[in-house]
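Work through these exercises with the model open beside you. Try each task before reading its solution.

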Amino acid sequence: AKTAQLLDGKALAEQIYTQLQQQIQQMQPTVGRAPGLAVLMVGDNPASAAYVQNKERACAKVGIASYGQHFPTETSFSELEKVIQALNQDDRVDGILVQLPLPDHLDAVALLHQINPDKDADGLHPLNLGRLVRSEPGLRSCTPAGVMRLLQEYKIDVKGKQAVVVGRSILVGKPLAMMLLEADATVTIAHSRSHDLPTITRNADILVAAVGRPGLITAEMVKPGAVVIDVGINRVTNDAGKSRLVGDVDFDSVQRVAQFITPVPGGVGAMTVAMLLQNTVWSYSQRQ
Ligand code: NDP
């Protein structure tokens, strides 16, 4: 039986790293320093620690200096605010990001507002979200930008197509819907209150799942020949007690219906890190 072609985010991310590395080598003599990224982590969430480590490894690979700091869970808002203000002033630092989620006592949105929008490597500051809505140049949120870059790489035309985004978070669903709209797709956003999700998703030429529920999207919900993008990252444990990562899409059944599909891992997650580094290098180039 025919199966869908994989959209290989890992391979594309590697290509992007090579390009970024070359770009940095070219710019560095003029600028007189390497680009810098500060990843701030609070507490000991193991998934967050793994993400932070991935980001710092990728930085080292391309030649971005890491100014990351790790804080204990009980760190106060005002301490973090001071750290962000110092990084805003620090000329070696082009990108600042706060790894989410934060411990409950910290207001993540209020902290995000403290970041200089021109150093907002995650593209989540309201000014950058506003620039996206206005189609102005600016730092774009990494996960949705990674999805768009992946579509572009495989020459998947979104113009005039029906795109359905399941999930409406400010981190993924909303900005991605905006980017698809900017690329001239006809966009539907579905969420937990949507009636009859399968009818909505079956209409999609391009279907994106950004929900956080393993196996939510089954083959019956997918139009034959559709492009299926799985943003979800869920850790599941099998009967033998072994844990692994899966997306929101039931990969085994959907790959028999779709034309293109992203794997988990190795799809959108890899692209997210690549876009973070690309944003940092973009800020670096803008600051000269
Ligand atoms: P959120 O929990 O913030 O948002 C989930 C969205 O899914 C909400 O809009 C919610 O609707 C909707 N939803 C929940 N249940 C259903 C349902 N049964 N049917 C339809 N919609 C539903 O999650 P995020 O957007 O932050 O993340 C989504 C997933 O993507 C997670 O698995 C996360 O781990 C992953 N992720 C992956 C990244 C990557 O790099 N690949 C980066 C960021 C996240 P409502 O608004 O009504 O509550």
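This is a predicted model: local features need pLDDT of at least 70, side-chain atom pairs count only at pLDDT 80 or more; totals for chains, interfaces and linings use all residues.

**Exercise 1. Determine the strand order of the open six-stranded sheet, and say which strands are its edges.**

Solution. 
- Step 1. Read the order across the sheet: E1-E12-E9-E8-E6-E7, with parallel pairing.
- Step 2. Find the edges. Strand E1 (5–6) and strand E7 (186–190) each pair on one side only.
- Step 3. Look at E8 and one partner. E6 and E8 pair in the parallel sense over four bridges. In this pairing, Ala-163 stands opposite Ile-206 of E8.
- Step 4. Turn to the other partner. E8 also runs parallel to strand E9 (residues 227–230), joined by four bridges. Here Ile-206 stands opposite Val-227 of E9.
- Step 5. Inspect the faces of E8 (residues 206–209). Ile-206 and Val-208 lie on one side, Leu-207 and Ala-209 on the other. All four are buried, and both faces are covered.

**Exercise 2. Take two residues of the annotated "binding site", Arg-168 and Ser-169. Are they buried, partly exposed or exposed?**

Solution. 
- Step 1. Check the record. An unreviewed UniProt entry lists Gly-167, Arg-168, Ser-169 and Ile-233 under "binding site".
- Step 2. Locate the pair. Arg-168 sits in the loop between strand E6 (162–166) and helix H7 (173–182). Ser-169 is also found in the loop between E6 and H7.
- Step 3. Apply the cut-offs. A residue is buried with 20 or more other C-beta atoms within 10 Å, and exposed with 12 or fewer.
- Step 4. Classify Arg-168. It has 18 other C-beta atoms within 10 Å, so it is partly exposed.
- Step 5. Classify Ser-169. It has 15 C-beta neighbours inside 10 Å, so it is partly exposed too.
- Step 6. List contacts beyond four places in sequence. Arg-168 is in contact with Gly-173, Lys-174, Ile-189 and His-191. Ser-169 touches Lys-174 and Ala-210.

**Exercise 3. Where does Glu-153 lie, and how far is its C-alpha atom from that of Leu-12?**

Solution. 
- Step 1. Glu-153 lies in helix H6 (residues 142–153).
- Step 2. Count its surroundings. Glu-153 has 16 C-beta neighbours inside 10 Å, so it counts as partly exposed.
- Step 3. Compare sequence with space. Glu-153 and Leu-12 are 141 residues apart along the chain, yet their C-alpha atoms are separated by 8.0 Å.

**Exercise 4. Compare the domain assignment with the UniProt annotations, then describe the whole chain.**

Solution. 
- Step 1. The assignment gives domain 1 (32–118) and domain 2 (141–268). Their C-alpha centres lie 28 Å apart.
- Step 2. Read the first annotation. In the unreviewed UniProt entry, "domain: Tetrahydrofolate dehydrogenase/cyclohydrolase catalytic" covers residues 7–122. This span is 50% helix and 14% strand.
- Step 3. Read the second. "domain: Tetrahydrofolate dehydrogenase/cyclohydrolase NAD(P)-binding", also from the unreviewed UniProt entry, covers residues 141–286. That span is 34% helix and 19% strand.
- Step 4. Count elements. The protein chain has ten helices and twelve strands.
- Step 5. For 288 residues, a compact globule would have a radius of gyration near 19 Å; the chain has 19 Å, so the two agree.
- Step 6. Finish with burial and contacts. Of the 288 residues, 42% count as buried. Among contacts between residues at least 6 apart in sequence, 68% join residues at least 24 apart.

Definitions and conventions
Residues are numbered from 1 along each chain as its sequence is written. Domain bounds come from an automatic or database domain assignment. UniProt positions are given in the numbering used here, feature names are shortened, and annotations may be inferred rather than shown by experiment. Helices (H or I, at least four residues) and strands (E, at least two) are DSSP runs, numbered from the N terminus. Two residues are in contact if their C-beta atoms, placed from the backbone, lie within 7 Å. The radius of gyration is taken over C-alpha atoms; the globule rule is 2.2 Å times the number of residues to the power 0.38. Two strands pair if DSSP finds at least two bridges between them.
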